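Open the model in your viewer and keep the sequence panel beside it. We will go stop by stop.

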Amino acid sequence: MDWKKIKVGLVTLSAVVALVACGNGGESSSSSTESTPAGEKVVFNLPAGAEIPTMDSTKVTDVEGFQALGSTAEGLYRNAPDGKGYDVALAAEKPTVSEDGLTVTYKLRDTKWSNGDPLTANDFVYAWQRLVDPATAAEYSYLIGGVIENADAIIKGEKQPSELGVKAIDDKTLEVKLETSVPYLESLLAMAPLYPLNKAYVEEQGDKYASDSDHLLYIGPYLLTKWDGTGLSWTYVKNPDYWDADVVKADEINVQVVKEVSTGLNLFDTGALERVVLTGEYVVQRKADPNFVTEGTSAVFFIRQNVSDRAIEALKNKNIRKALAMSIDKTLYTENVLQNGSFVANGLVPANLAANPKTKEDFRAENGDLLKFDAAQAKTYWETGLKELGITGLTLRFLSDDSENAKRSSEFIQAQLQDNLPGLTINLENVPFKVRLQKSKEQDFDLVLSGWSADFADPINYLELFETTNGNNDSKFSNAEYDALIAAARKETKDLDKRWADLLAAEKILMEEAGIAPLYQRARAALMSKSIGTLPVYLVGPDYDYKYLTKAAQ
């Protein structure tokens, strides 16, 4: 997900909890219990980093959309709050699986949508067919390509959506036919693009569907209110018809977009917000605050270099791309600009996400540092590239968000590139998050600061982003050998050592070609009020799970 996360566990506000990416597990040190007096409304005031670009679960790709959808809907599974796998959600129980492992049958819960319609198996059939329908142009359709029967052929337009391997046996029985049995199936089925949709409602709303909180149906812990489709604030209200409503302790969560840390701090210090993310010098200033916490994430940030048909010719030169990728001092960046515990990334796949099936060595450690900062080598690549192109200088547009932290990052990267590569001019273009996503999708950039965090705990979730045909491949990187390795890894379910070797080799190609310029793996520093008792933080899926949000004991 443009920025998206295997869970770490519960963040507790009774102490400073340092959460680092630690694979599919975590711990909780919370001992507080809810202490709100009976009958008193439980209200939280929390921040968001940007506007919600879309609430259409078929089309969502970003962190804010996943957070909002995870609060108002769910799929067959949901992240467990303790950091240990997935719990059944709209599935009433664990599925039955055929002897060959390729037919999986789910019984659904007896629950209903916010308009009173019952949840049925056809709601999943419709949503999944909509996901792979080429007419929808859903960027996440690739997730089930090669997994659910006929998905690939449908995405390519070779078969009809009705031929997807999913069928309603009856209203409460869903049958799924697989092409291959992947180890991360539960994780896939917990993702927003695989959430159910009420066909009659979606088609009745037409273009208005998901345009604001009044043109949506809900089947999760909360109802979304006061969202006009573009605004900087919205509210979650407890869904009384949610099947697990007894677990939901918050009656209302008021969310406000905070783009500048100084603004967020003012709101936090006056009690108007119960959480604020810190960056840069604010981390240093507030590190001793008893409300200070740090959280690990699986988010890796990198620069996409546009090599599409819309790209300038210079970026199609590998020496130029390598020069750009190697000319940024990432240690200086993480330590002096971010200052939040984030650390240097010299590859795409994050540390502590997945381990070698035989040796148990971490993927990042095994593949090593592939694209490091080296100013002298960068200059050599630069001069070679300019000579090959027959030019003496170059001007590039650098696209990024308009938040305070994004602006600081952009200015640092601009200075590094211009200082280390003589003849290079970088023009900054800082725009709202939603606009940046759109421009990126349209290849309306030369360089763009991007991030990706895990949808499921496997290296392929990162590496498949840069397959030639992947909908999230905004820069249009293309390499036939790379594509072949990813395709082979996706289909290989028996020889896991070969699969692992293919994924290692694919990342090496991406770095050798400088398809991206990796920067850092993110950690989050924040202040969180003692009023919060527990709040699960995940490395895969939505960042947080408001379903389990509670007040602290006083």
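Predicted model: local features only at pLDDT ≥ 70, side-chain atom pairs only at ≥ 80, totals over all residues.

Residues are numbered from 1 along each chain as its sequence is written, and side-chain values use heavy atoms, with hydrogens and water left out.

**Stop 1: the annotated span.** Select residues 91-473. UniProt lists them, in an unreviewed entry, as "domain: Solute-binding protein family". Such annotations may be inferred rather than shown by experiment. The span is 29% helix and 20% strand. Helices (H or I, at least four residues) and strands (E, at least two) are DSSP runs, numbered from the N terminus.

**Stop 2: two helices.** Select α8 (residues 318-326) and α11 (residues 375-389). Their axes lie 7 Å apart, at an angle of about 155 degrees. Axes are lines fitted to C-alpha atoms over the stretch in contact, and angles run from 0 to 180 degrees between N-to-C directions. The two helices are therefore roughly antiparallel (over 145 degrees). Now show side chains.

**Stop 3: an open sheet.** Follow the order β2-β11-β10-β9; the pairing is mixed. Strands pair if DSSP finds at least two bridges between them. β2 (43-48) and β9 (222-225) are the edges, each with a single partner strand, so one side of each lacks a neighbour in the sheet. Zoom in on β2 and β11 (residues 252-257): they pair in the parallel sense over 6 bridges. Finish at A48, opposite V257 in β11.

Methods
Parallel < 35°, antiparallel > 145°, perpendicular 65-115°, else oblique.
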